[in-house]
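Here is a short report for a reader new to this structure.

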Amino acid sequence: MGFQKFSVSGMTCAACSAHVEKAVRGVEGVSEVSVSLLTNSMGVDFAAPATAQKICDAVSAAGYGAKPENDAAAKSDKSAAREALDDHETPRLARRLIASLILLIPLMYVSMGHVMWGWPLPAAMADYPLVIALFELIFTAAIMVINQKFFISGFQSALHGAPNMDTLVALGSGAAFVYSTAVMFLMCAAGGGLHHYLHEFYFESAAMILTLITVGKMLEARSKGKTTNAIKSLMDLAPKTARVIRNGVEETIPAEDVVIGDIFVVRPGESIPVDGRVIEGESAVNEAALTGESIPVDKQPGSSVSSATLNQNGFITCEATRVGADTTLSQIIEMVENAAATKAPIAKTADRVSGIFVPTVIGIAIVTLTAWLIAGREFGFALARAISVLVISCPCALGLATPVAIMVGSGLGARNGVLFKTAAALEAAGKTDIVVLDKTGTVTEGKPHVTDILPSVGVSEAELLSVAAALEEKSEHPLAMAIREYAAENGLSGAPAGDFSAMPGHGVRGTLDGKAAIGGNAALMTENGIMTPDMRRTGEALAEAGKTPLFFALDGRLLGIIAVADVVKPDSAEAVRALKNMGIHTVMLTGDNKRTANAIAAQTGIDAVISDVLPNDKEEVVRRLSEYGKVAMVGDGINDAPALTRADTGIAIGAGADVALDAADIVLMRSGLLDVPAAIRLSRQVLKNIRENLFWAFFYNCIGIPLAAGALIPIFGLELDPMFGAAAMSLSSFCVVTNALRLNFFNMHSSKKDSKAKMIPLPDMLSDFSDIKTNEKTEVKDMIKVMTIDGMMCSHCTGRVQKALEGVDGVSGVEMSLENKTATVTLAKDVADSVLTEAVTAAGYTTLGCESK
């Protein structure tokens with residue numbers, strides 16, 4: 001039970017897929033069904049009493065075939081899955097077309113060339129009209145046999161009460177053949193003057209209709225085959241073999257035979273066969289196949305590697321962690337397939353029309369025939385108009401307008417590291433009015449970096465950095481790690497300080513070459529009487545900019561300040577500008593303090609900041625923002641899960657190997673924020689393409705059907721031959737698919753063609769979010785505890801404490817105050833003070849007090 005995919009056979013047009021969908025929806029227990037004409041597949045969400053067998057039986061009763069797809073088997077047998085995507089239909093149609101043309105050319109020579117234009121024929125035929133008639137009948141019948149699939153499918157569908165496009169073709173061609181055969185029998189009954197009967201024949205129309213429709217079907221099949229190129233290219237990336245170490249011996253085995261825990265080796269120039277973890281060796285790995293990022297990523301022991309990425313220059317030994325259907329590549333392929341198998345809301349109108357299209361066209365054809373007979377025209381003329389109506393009508397263009405664009409768009413996104421989980425997500429992203437950005441790890445790097453080195457007068461940067469690195473060598477604080485990394489990058493290293501000790505809430509102390517050294521906050525320098533007014537002002541300015549100033553002194557002399565901060569990602573400001581140019585507001589939503597949040601917003605140009613938000617309240621903020629427009633929430637997909645789910649579009653950024661994040665609608669493989677406007681830009685282009693396709697499909701039928709019925713004959717004397725109607729029908733679907741394939745040339749990272757939507761009024765939208773925390777406290781004021789904590793020096797300290805407290809069962813929210821050294825803990829149930837204190841202690845800090853409010 002639950003969601004299951006089925007393969008469906010026998011569908012030829014949108015009317016078929018609409019009938020299959022209607023039949024399956026009629027099965028008790030089926031809650032949702034989506035049928036894809038493009039991939040001949042169906043996704044069904046069902047529960048008891050529905051079963052897979054009942055669903056298949058319903059499809060069979062409708063005149064089609066269905067069988068469940070065995071996901072595990074299909075994914076493990078990659079060669080079979082790859083072969084299933086190959087274009088098998090075009091070669092079959094090409095053979096049918098060649099055979100039809102071989103017979104059609106002599107038929108047209110006789111029926112059109114000789115009868116209408118007097119082209120020469122052997123005397124044995126030219127002098128005997130019945131011989132010409134018999135020749136046309138035999139050749140037409142042969143072409144009908146070659147294209148018998150139209151008749152079998154068309155009449156079977158009609159018998160099941162679901163006429164389709166093949167029904168229209170079969171009726172049009174069959175009516176022309178039957179009428180012409182009847183005229184031939186009249187010739188036999190007539191005594192003489194038989195030549196004029198030859199002008200009453202429609203044998204060539206019957207044959208030409210079938211041949212031209214086959215041409216259109218072949219062009220359509222060829223174009224549809226190209227829409228799955230993205231999936232096929234992803235499948236082709238998967239290595240066929242792996243070098244594993246078993247019993248101490250290296251052996252080459254098929255990649256699908258690798259199991260979790262296997263040790264495998266990858267040489268330079270080889271692709272990594274499965275997802276794993278490096279246990280020995282170092283290398284640079286090109287991950288462009290998965291992320292679209294061409295710059296190689298350095299790997300060392302402990303680093304994760306993904307299937308289908310290219311090992312460039314080192315020999316590495318890895319342990320398999322995810323194999324088969326669980327690899328990153330397999331999940332990406334599945335996501336693209338699922339996006340193509342689902343339907344976008346924009347397709348609903350076309351689906352409704354497709355369900356009644358064919359019966360309506362047959363009704364129009366009957367009315368056309370009757371109207372012209374009542375008007376006094378001969379039966380042959382009236383029949384030609386009715387046949388033209390049947391063969392010019394094209395439900396396929398309606399049915400293909402949306403899925404081909406979705407397939408091409410989702411494939412293009414996958415090649416660029418942007419994964420759309422469903423067609424609805426691909427559509428919704430393009431309608432975004434507001435993008436809400438989490439701060440840490442989304443707008444910023446998510447880890448501290450050294451931003452400024454400001455030595456005192458007479459002190460060099462190298463001297464300041466050397467003392468700081470030596471003093472922080474033994475510290476485990478995140479800020480200390482940032483200083484050590486910066487020093488190593490600049491080639492500075494030395495012996496760690498002696499007599500090292502940490503002073504919680506202040507900093508660290510030690511000795512260097514027998515001299516006392518200290519490092520920490522401004523309060524520590526003031527206590528030791530070495531703070532200067534200039535350095536104090538500099539430190540305050542850095543703090544105002546959202547940075548953490550660390551002061552260092554040696555032998556009673558203040559050496560200077562090293563500022564550390566969670567820096568903005570290189571492309572964040574550019575991404576925000578791109579979103580603004582697209583008419584989209586940007587809002588930063590963070591639990592960090594207002595000063596730091598405003599500093600980050602100023603650097604990036606973000607429109608508005610909502611800071612100091614408790615984790616439980618992020619969802620509420622997104623809900624309120626959604627009252628003003630369509631909201632996209634961008635976060636890491638884990639801590640922001642409720643907000644991602646609440647948003648109209650949830651975007652998980654920097655997913656890497658974890659592409660199956662449940663809360664997100666769109667998954668970005670890379671951590672760069674520029675992929676957010678790229679995803680929205682692609683969505684808008686796909687929507688534009690779908691609208692073009694739907695317009696063409698509706699316009700074509702709205703203009704073509706009246707023209708074929710003869711609506712312009714009384715005014716302009718313009719009539720449409722059935723053969724030209726068939727030619728128009730054969731090209732209509734081809735035009736729709738070809739237009740969708742143009743998306744492959746779209747540059748989703750280029751802003752040159754961005755169109756600016758009308759922006760909603762931001763001041764009104766953000767007029768009052770001040771009650772978010774207040775409401776939370778009012779509702780549960782008797783379940784709040786305020787803890788005073790010693791040892792917190794920066795936002796990273798508060799982050800560690802917050803994370804530790806949020807992990808305690810019963811804690812629903814934590815609000816940190818670095819300035820007051822407090823943690824305001826909101827409880828969903830009673831939690832003992834000792835439990836909260838233990839969590840803080842485990843994080844490396846000291847609880848000075850805990851009081852209930």
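Rings of Phe, Tyr and Trp (its six-membered ring) pair if their centres lie within 6.5 Å; planes under 30 degrees apart count as stacked, over 60 as edge-to-face and the rest as tilted. By that rule, the whole structure holds 9 aromatic pairs. This is a predicted model, where local features need pLDDT of at least 70, side-chain atom pairs count only at pLDDT 80 or more, and totals for chains, interfaces and linings use all residues. Residues are numbered from 1 along each chain as its sequence is written, and side-chain values use heavy atoms, with hydrogens and water left out.

## Aromatic rings

A pair of aromatic rings is described by the distance of the centres and the angle of the planes. Take Trp372 and Phe381. Their ring centres are 5.3 Å apart and their planes stand at 85°, so this pair is edge-to-face. Are the two residues buried or exposed? Buried means under 20% relative accessible area, exposed over 50%, and partly exposed in between (1.4 Å probe, protein chains only). Trp372 is buried at 13% relative accessibility. Phe381 is buried too, at 8%.

A charge sits over a ring if NZ of Lys or CZ of Arg is within 6 Å of the ring centre and within 35 degrees of the ring normal. Arg377 lies over the face of Phe381, 3.9 Å from the ring centre. Arg385 lies over the face of Phe381 as well, at 4.7 Å.

Elsewhere, one aromatic cluster is formed by Phe177, Phe201 and Phe203.

## Salt bridges

Side chains of opposite charge can pair when their charged atoms come close. A salt bridge here is a side-chain nitrogen of Lys or Arg within 4 Å of a carboxyl oxygen of Asp or Glu. The count comes to 25 salt bridges. The table gives some of them.

| Glu250 | Arg243 | 3.7 Å |

Arg243 is partly exposed at 28%. In the next pair, Glu427 is buried, at 6% relative accessibility, whereas Lys431 is partly exposed, at 38%.

Arg623 and Glu620 share helix H26 (residues 618-625), where they sit 3 residues apart, about one turn of the helix. Helices (H or I, at least four residues) and strands (E, at least two) are DSSP runs, numbered from the N terminus. Arg623 is partly exposed at 29%. Glu620 is partly exposed at 25%. Bridges can also link up: Arg243, Glu250, Arg267 and Glu270 are joined into one network by salt bridges that share partners.

## Cavities

Rolling a probe the size of a water molecule over the atoms shows where empty space is left. On a 1 Å grid over the protein atoms alone, a cavity is a set of points where a 1.4 Å probe fits but cannot get out; lining residues have an atom within 4 Å of a point. Grid points are joined across faces, edges and corners, and a volume is the space filled by probe spheres set on the points. The whole structure has 3 cavities of 30 Å³ or more.

The second largest cavity holds about 70 Å³ of space. Which elements give two or more residues to its lining? They are helix H10 (203-227) and helix H30 (722-741). H10 gives the most, with 4 residues. Lining residues include Met165, Ile213, Cys394 and Met729. By class, the lining has 5 nonpolar, 3 polar and 2 charged residues. Ala, Val, Leu, Ile, Met, Phe, Trp, Tyr, Cys and Pro count as nonpolar, Asp, Glu, Lys and Arg as charged, and the others, Gly among them, as polar.

## Backbone exceptions

Most residues other than glycine have a negative phi, and most peptide bonds are trans. The peptide bond from Ala48 to Pro49 is cis, with omega near 10°. Pro49 lies in the loop between strand E3 (41-46) and helix H2 (52-61).

Asp499, in strand E17 (residues 498-503), has a positive phi of about 50°. Asp499 is exposed, at 64% relative accessibility. Asp513 has a positive phi near 55°. Asp513 lies in the loop between strand E18 (507-512) and strand E19 (515-520), and is exposed at 81%.

Conventions:
1 Å grid on protein atoms, 1.4 Å probe; cavity = no way out; pocket = protein on both sides within 12 Å on 5 of 7 lines; lining within 4 Å.
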